[in-house]
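My notes follow in the order I checked things.

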Amino acid sequence: MAQALSNEKRRRLAGGTVENRSSGLAGLIEETLPKAIIRDTTIVEQHIREGQFQRSLALVTGFSSLLGGLEVAYEHYRGSYSQRIMYTPVVLSGLLALVGIWGAFNRRVARRLLPVVSGVMGLDAVVGFIFHVRGIARKPGGWRIPVFNLIMGPPVLAPLLLAISGFLGMVTAFLRQEEDLGLDRQTTQSYGSSNAKPNSSRLTPWGVSHEALTLEQDIREGYFQRGMALAAALSALCSGFEALYSHYKNNYKYKIQWTPIVLTPLLFAAGIGTIWSRKIAHTLLPIISVLAILNGAVGAFFHLRGILRRPGGAKHPIYNILYGAPILAPLLFAASGFMGLLASLLRRRD
Amino acid sequence: MKEPLLGSFKAKPEPGEHRLGPIQEIHVPMRKYSQDEEVDFCIVGVGSAGGVLLQRLARAGFRVVGLEAGPFWNTERDWVSDEAGSYKLYWNDLRITGGKNPLALGANNSGHGVGGGSVHWAGFTPRFHPSDFRVCSRDGVGVDWPISYWDLKPYYALLEKEMPVAGPAYYPWGDPHGYTYGPHPTAGVSNVLVNGCTRLGIGVSIGGPVAINSGSHADRPHCIYRGFCIQGCKVGAKQSTLVSHVPDAINYGAEIRDNCMVSRIEMGPQGRVTGVTYYDPDKKEARQKARVVIVCGYAIETPRLLLNSACPGWEQGLANSSGTVGKYLMAQAGNVVMGRFDELIRMYKGPPANSLTEEFYETDPKHDFARGFAVQTVGPLPIAFAKQMMVAKGAWGWGLRRVMMDYNHWAPLGVLGEILPWEDNTVTLAEEKDQFGLPVARVTFNLHDNDRKLINFATKKVEDILIAAGAREVVQEQRYAHLVGACRMGSDPKTSVVDGFGQSHDIPNLFVCDGSILPTQGSANPGLTIQALAARTADYLISERENILEGRPFSRISPPVRHDLSPEGTSGRGVPRLKGTALKVK
Ligand SMILES: Cc1cc2nc3c(=O)[nH]c(=O)nc-3n(C[C@H](O)[C@H](O)[C@H](O)COP(=O)(O)OP(=O)(O)OC[C@H]3O[C@@H](n4cnc5c(N)ncnc54)[C@H](O)[C@@H]3O)c2cc1C
Ligand code: SF4
C-alpha cells in the first residue's frame, strides 16, 4: 500500500472527506493502534469506502482465483480428469489469476478483459455445479440417498466457490484505481441526473441502461456494501458446507473441526443481516469476518500438519497433498471472511 | 421398507436387458452365426486376452465367435459382495496337482466365465520391465522373448487408457511412465507399506498402478473402496474385459456363446485347423467352423486343449512338434507376510491392490540369486485369512478363533517374486476325466535353487518392512500366484510353441494368445501384459486380413499400431502424463 500512502496529500488537497470514522471496527482501531498505523488504515479504509481499490481487488481476485485453481486442479486430478470439461475450471482459474494480477497494473485490462474472463469463470462455475449435481444423480441411489451421495459424490457447491473469484473480478472492473481522485469528483457530481453522460475517460464494460449505469456508478464509488455482504454470505455458505461434509468424512475427530461449522451460519447471518441493518454491517459482520479469517489460518496450519503426518509425510508430497486434508480449503473459508470485512468497510445507499 | 425420496430405484429389468453394473447395460441383441457358416475367427475362452481380441477383431469388421466355458455374467443378478458366495467365478473343475512343491489348484487360480481371470483379479497392472524381455542375455537364466519391451510399449500405453489404469503421474521403475487416471487413496495396509518403506528409505508407488477407476469412466463408476475386488467388483470400477471390452465387441457384431466348453480343435487335410468341437449349454456336442482358431484358455486349459486335440499326424498334441506344449509352466512366488499391529488396520477396507514397490525388481549383484521381486499390498477377506493363519501359525480350533478375532489388527503384504521357467514344471494330461469325459490336467511344480534363495530373501525383506512400520509379530505363508507359461513363445520352433504374435510354429491358422505364451514372467502381475499382447496380436491379424481371407501364408511383419480400435469412450479422458524416457532415473 505504499502507493496509497503517497496519495494521501493529493487526497487532502482534493478535499476528500472522511465521514463517520469512529463507528464500528474503524473506531475500535482508532482507539487501540499507534498513530502511523491509524493513518495508513484510514487511507485504506477510505479507498475502500469510496471504491478506489481496483488495484488491490484485482490482486485479491487474482490470488483467490489462484487458490481456487490449485484446489480444483488437484481435486479434479483425484477425479482423474475423466471428462474433458474438468480441465475448464483449471484453465479458467489460471487465466483469471493472470488477468487479475495484470489488471492490478493496467486499467484497461482491469476494465475490459477482467470482466470477460470473470464472466466466463462464473458461467463455467454454474456448468460445473450442474455437472456435480448430475454426478451425484449418477451415483447408485442418486438423489434418493442424498446425504450419503452428497458426502461421497462430487462436492456439489465447490464449483460455486470458484464463481466467487469471478464475482470479485466483476466488481473490480467497475471500481476506480486507488489514485483516481480527480475523476471521481467529477463523476460523483454528475451522479443523480439520469441522462448524465458518462465521463469520457470512463470505460463502460457493457450495456448502458439506466439501471446498469446506476449500479456501476454505485460500485465505482464504493456504495455496494449489500452486494459484497451477500457475496460473503454465499461464499461462506459454500465453503462452510464443504467443511461440514469433509470434516464429517473424518468423523469430527478433532474438536476444532467444528469451528468453521459454527462460524459459517454466523457469517452467513451477518452477511444477510447487513442487507437490512447498517448496525450489523459495522459490528457483527467485521467481528465474525475477522474470526473467519483467523479460523482459516488456523485451519490451514492444521491441514498442513495433517498432510505431514500422513504415511510417507514430506517424502511423498504430491500424493499426500492430493489425499491429505485439502490444504487450500481453509484459505477459501478465510476468503469469505475477507469479503465480509471488505463489505463492512464499504458504503451503502439507504 | 420406507420408500426412497424419489420413488423406487429401478423397476423390474426389461426383457433382454443385460446389466454389467449399476449404470452399464448391454441392449443390442447379440449377433448369431450359424454353426455351418465358416467364421473368420473362433476364439476359445473369452477371458483377459480373449475379450480384447474379440473386441478388436469385431471392430475391424471380421466375423468372430467367442466360445466360453463359463457363464456370461449379469453382474447385478449373478454377483454378490461376499467371499463364500463368489466361488463360482473360478475354474472349479477337477485338476490334479503334484511335484515337490505342488501348487494349490481349485478356486483362486483361474477364471471361468466371460471376463475370465480379469473378473477376479485384484487389478494390479504394472508393466514388465525392459529387462524382462532379455533375461537370458542379461542374467544368463531363463530365456529371451522373441519381442522386446519396445514392441509392446505402445500396447501397454493403449491398454492403460482402455482399462483405464489409475496410478501416479510418474512411475519410476522399469521404463518410467505415468498413468491415465490419478492414484487412489490408501487404506490401512497401504499405509503400513508406505510407512515401512519410507522408514527404510525404499521407494514406493502409492495408489496404483491398478486397473480400477479413480474417477468415473463413461458408464463405469469410480471405485467406492468397499474391497470386494477379487469377488468381481459389482460396481464395475475394476476393469475386467467383461465391462471394458466385451460390450464394445457385441456392439460391433461379435457373438459370444457362453457355457460352451471346447473339447477339441479340428485338424483339416492341409495341415490347417478347420474349427472346433464343443459341448453346448445342454452338454450336446456341436461344431464351429473357422478360418483361424485362437486359443485363449490360460496356462492350464490351453495346453490341456492342445494335448486333448491330438489326432492322427499330431499324436503329441496340436502344435507340439517341439514337445514344449505344457512345459515351462511358471507361477510367481506369492508369499504373504503378515504383521500384527496394536492399532486397527482393517485390511478388508478398500481395494487390496493399492500400493507396491519394485525397488528389488532387477538382478542385484549383491544378491546370491538372479532376478528379483516386488512387494505389494494384499487384503485377504476372512476365509482366505483363516486359511493363511492356519498355515502360518498352525492355528486351529479355539486358537484359530482367537486369531480370527484379531483380524482387524493384521496387515498382510505380498511378495511377488520371479520364478524362472523350468522344463520340469509342466501341465500334462491325467487319467482322471471331467464331466464331459475329457482327461483333466495334471500340474507338476518344483522350486529350484534360485527360486528358493529369492523367496527367502524377499520374505525377510518384507518382514523388515513390516517391523519398520511397527508390527509386533510377523508370520508368513508360502503361496504362489499368477500361473503363466506352458505354451511359450519364442523365435526357435524347436524350443517354443508360438512366435511373437502367438501364431503356432506348426499350424499357420492356429494361434495361442493368453498367459500361457509368456516365456518368462518378471515380478509384475501378468494381466496388463497379457491384454497388451492380445491387442498386438489383433493388430497383426488385422494387418494380415487379405492373407487370412484367402488362406495364404502370413507375412510375419510387425503390424502398425492401430489407435482407432479402442472401445467406445476411451479417448478424451485422463490426466496429462509424464512421458518418462528423458527423465529416466536410477
Ligand atoms: C486371486 C487372483 C488375483 C489376481 N490378481 C491379479 C492382479 O492383480 N494383476 C494381474 O495382472 N493379474 C492377476 N491375476 C492373474 C490374472 O487374473 C490372470 O493372469 C489373467 O486373467 C489371465 O488371462 P488369460 O487371458 O490368459 O486367461 P483367463 O482370463 O483366465 O481366460 C481364460 C478363459 O478361457 C476359458 N476357457 C478355458 N478353457 C476353455 C475351453 N476349453 N473352452 C471354452 N472356454 C475355455 C475360461 O473359462 C476363461 O474364461 C490374479 C489371479 C488370481 C487368481
Ligand atoms: S473396492 Fe473398488 S474396485 Fe474393489 S470391488 Fe469395490 S468398487 Fe470395485
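I began with the polar contacts of ligand 1: one of its oxygen atoms is 2.8 Å from a polar backbone atom of B:Ala49. The model is predicted, so I treat every distance here as computed.

A nitrogen atom of ligand 1 is 3.0 Å from a polar backbone atom of B:Ala122. I also noted an oxygen atom of ligand 1 at 3.4 Å from a polar backbone atom of B:Cys296. I then looked up the areas: ligand 1 taken alone exposes 1,000 Å², and the protein buries 96% of that.

Next I listed the surroundings of ligand 1 and found 36 residues. The closest are B:Ser48, B:Glu68, B:Gly117, B:Gly515 and B:Gly527. By class, I recorded 15 nonpolar, 18 polar and three charged residues in this shell.

Which elements of chain B each supply at least two residues of that shell? I wrote down helix 1 (48–59), helix 3 (117–120), strand 7 (261–267), helix 9 (298–308) and helix 13 (527–543). Helix 3 of chain B gives the largest share, three residues.

I moved on to ligand 2. The space it takes is the largest cavity. Around ligand 2 I found residues of chain B, including B:Cys223, B:Ile224, B:Tyr225, B:Arg226, B:Gly227, B:Phe228 and B:Cys229. B:Ile212, B:Cys233, B:Val235, B:Lys238 and B:Pro351 are also around ligand 2. By class, I have nine nonpolar, one polar and two charged residues in the shell of ligand 2.

Definitions and conventions
Residues are numbered from 1 along each chain as its sequence is written. Chains are lettered from A and ligands numbered from 1 in the order in which they are written. This is a predicted model: local features need pLDDT of at least 70, side-chain atom pairs count only at pLDDT 80 or more; totals for chains, interfaces and linings use all residues. Side-chain values use heavy atoms; hydrogens and water are left out. A residue is near a molecule or strand if one of its heavy atoms lies within 4 Å of it. On a 1 Å grid over the protein atoms alone, a cavity is a set of points where a 1.4 Å probe fits but cannot get out, and a pocket is an open set with protein on both sides within 12 Å along at least five of seven lines; lining residues have an atom within 4 Å of a point. A molecule sits in a cavity or pocket if more than half of its atoms lie within 2 Å of its grid points. Ala, Val, Leu, Ile, Met, Phe, Trp, Tyr, Cys and Pro count as nonpolar, Asp, Glu, Lys and Arg as charged, and the others, Gly among them, as polar. A polar contact is a pair of N or O atoms within 3.5 Å; within protein, one must be able to donate a hydrogen and the other to accept it, and residues adjacent in sequence count only if both atoms are side-chain atoms. Accessible areas come from the Shrake-Rupley method with a 1.4 Å probe; for residues, only the protein chains shown count as cover. Helices (H or I, at least four residues) and strands (E, at least two) are DSSP runs, numbered from the N terminus.
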